[in-house]
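Morning, everyone. I have one structure to walk through today. Please have a look at it first, and then I'll take you through it.

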Amino acid sequence: EDYVYIEGLLQSGTISPRMMVNGKPLIIHAAIHNKAEMILLLANYRAMLYNPICEEGKDIMDYAIENNAIHAQAQIIIIRA
């Protein structure tokens, strides 16, 4: 939840906005945990240039819906618009 810290890591190249953790892109983890601001931060660093999917083939919206992450769903809709 430390957005300033995460942004610093993204700016320095220490982490990639599209990196995978446990088979899921970071932005999907943000959706699972209903972190709309983190989704926006990662999207601003081009994490949604493609449709983020996990190794199982589910996309970011699938996870947001499964986890009843309403704020995440709204943010994804806004970014995709």
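Predicted model: local features only at pLDDT ≥ 70, side-chain atom pairs only at ≥ 80, totals over all residues.

Is Gln75 buried or exposed? Its relative accessible area is 14%, under the 20% cut-off, so Gln75 counts as buried. And what does Gln75 touch, once we set aside neighbours within four places in sequence? The contacts are Ala36, Ile39 and Leu40.

Two of those contact residues, Ala36 and Ile39, are also on the list of buried residues in helix 3. So let's go to helix 3.

The buried residues of helix 3 are Ala36, Met38, Ile39, Leu41, Leu42 and Ala43. Their cover includes helix 1, helix 2 and helix 5. After helix 3 comes Arg46, and its phi is positive, near 75 degrees.

Now the core. The largest nonpolar core has 23 residues. Which of them touch the most other members? They are Ile6, Ile27, Ala31, Ile39, Ile60, Ala64 and Ile76. Each of the helices, namely helix 1 (3-12), helix 2 (26-32), helix 3 (36-44), helix 4 (60-66) and helix 5 (70-80), puts at least two residues into this core. Helix 3 gives the most, with 5 residues. As background, nonpolar side chains in soluble globular proteins tend to be buried together.

Take Ile6 from that group. Leaving out residues up to four places away in sequence, Ile6 touches Ile15, Met38 and Leu41. Met38 and Leu41 are among the buried residues of helix 3.

Let's step back to the whole chain. The protein chain has 5 helices and 2 strands. From the N terminus, the order is α-β-β-α-α-α-α. The radius of gyration is 12 Å, close to the 12 Å that the globule rule gives for 81 residues, so the chain is as compact as a globular protein of that length. Along the principal axes, the C-alpha trace spans about 30 × 25 × 20 Å.

How much of the chain is buried? Buried residues make up 40% of the 81. Of the contacts between residues at least 6 apart in sequence, 61% join residues at least 24 apart.

Last, the surface and the charges. The accessible surface is about 4800 Å², and carbon and sulfur atoms account for 53% of that. There are 6 positive and 9 negative charges, with mean positions 5 Å apart.

That's my tour. Over to you.

Definitions and conventions:
Residues numbered from 1 in each chain as written. Heavy atoms only, no water. Helix = DSSP H or I, 4+ residues; strand = E, 2+ residues; numbered from the N terminus. Rg over C-alpha atoms; globule rule 2.2 N^0.38 Å. Buried < 20%, exposed > 50% of the residue type's maximum accessible area, 1.4 Å probe, protein only. Contact = heavy atoms within 4.5 Å. Areas by Shrake-Rupley, 256 points an atom, 1.4 Å probe, with all protein chains shown as cover. Lys, Arg positive; Asp, Glu negative; His and termini not counted. Charge placed at Lys NZ, Arg CZ, Asp CG, Glu CD. Core = buried A, V, L, I, M, F, W, Y, C linked by side-chain atoms within 4.5 Å.
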